Amino acid sequence: MLLRILDRLEEILIATLMAAATLLIFVAVMHRYLIGIPFLYPLLFPINLSWAQELCIYMFVWVAKFGAAYGVRTGIHVGVDVLVNQLKSLWKNAIVLFGLLCGAFFTAVIGTMGAKFVWGLMHTDQVSPDLEIPSWFVYLCIPLGSYLMCFRFLQVAYAYFRTGELPHHDHAHVEGVEVDAPGAGVSEVTR
């Protein structure tokens, strides 16, 4: 139950930040072009959107950190496994588990270093240039996203150890769209 809540929170955070950043950039670009129209100039000139670019950068960094963890959970990261698939089952399993544990170790190290960095920033008055929000809050995505990614690596490693299956993303599957006939091709579904 807690894992499903974490999964949904992860997905909601990623989708919300992406949607908000896209909308904000759209509004900022429209503002930039519409301010050049003479009769709109008096209405739009007082609106200051100089902070929009900085906020969008921060939102996309947060999306990238949490999106990487989502990628580990769902199996959408690119992997080169041509040589690994040629090995015997015992060696293949050992190498896959080793790779997953290396990913967990690496993200744990990055998360710990990020947490130390954020802790150090919390004791300063440093703020972002345009938004003037505390810098530690901006960088908080590093330890949070890295630790979540570490957890996802361990989760996938545990599932692989028990079942021998890695998460696999099916590019043909669209969530919410059900196909009545199992194994039906694209031509049958689109008719």
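Student: Is E11 buried, partly exposed or exposed?
Tutor: The model is a predicted one, so the answer rests on computed values. The relative accessibility of E11 is 26%. Buried requires under 20% and exposed requires over 50%. E11 therefore counts as partly exposed.

Student: Which residue meets the side chain of E11 in a salt bridge at 2.9 Å, N to O?
Tutor: E11 lies in helix α1 and its partner in helix α3, so the pair ties together parts that are 62 residues apart in sequence. The side chain that E11 meets at this N to O distance is that of R73.

Student: What is the relative accessible area of R152?
Tutor: R152 forms a salt bridge with D7, with the closest N and O atoms 2.9 Å apart. R152 counts as buried because its relative accessible area is 0%.

Student: How many salt bridges does a search of the whole structure find?
Tutor: Salt bridges with shared partners connect D7, R8, E10, E11, R73 and R152 in one network. For the whole structure, the number found is 6.

Student: Which element gives the largest share of the largest nonpolar core?
Tutor: This core has 28 residues, of which M59, L100, M149 and F153 touch the most other members. Two or more residues come from each of α1, α3, α5 and α7. The largest share, 9 residues, is given by α3.

Student: Which residues does F153 touch, beyond those up to four places away in sequence?
Tutor: F153 is one of the core residues that touch the most other members. With its sequence neighbours set aside, F153 touches V72, L100, G103, A104 and T107.

Student: What separation is found between the C-alpha atoms of S146 and A115?
Tutor: S146 lies in helix α7 and is buried, with a relative accessible area of 1%. Beyond four places in sequence, its contacts are K65, T107, I110, G111 and C141. S146 and A115 are 31 residues apart along the chain, and their C-alpha atoms are separated by 9.7 Å.

Note on methods: Residues numbered from 1 in each chain as written. Predicted model: local features only at pLDDT ≥ 70, side-chain atom pairs only at ≥ 80, totals over all residues. Heavy atoms only, no water. Core = buried A, V, L, I, M, F, W, Y, C linked by side-chain atoms within 4.5 Å. Buried < 20%, exposed > 50% of the residue type's maximum accessible area, 1.4 Å probe, protein only. Helix = DSSP H or I, 4+ residues; strand = E, 2+ residues; numbered from the N terminus. Contact = heavy atoms within 4.5 Å. Salt bridge = Lys/Arg side-chain N within 4 Å of Asp/Glu carboxyl O.
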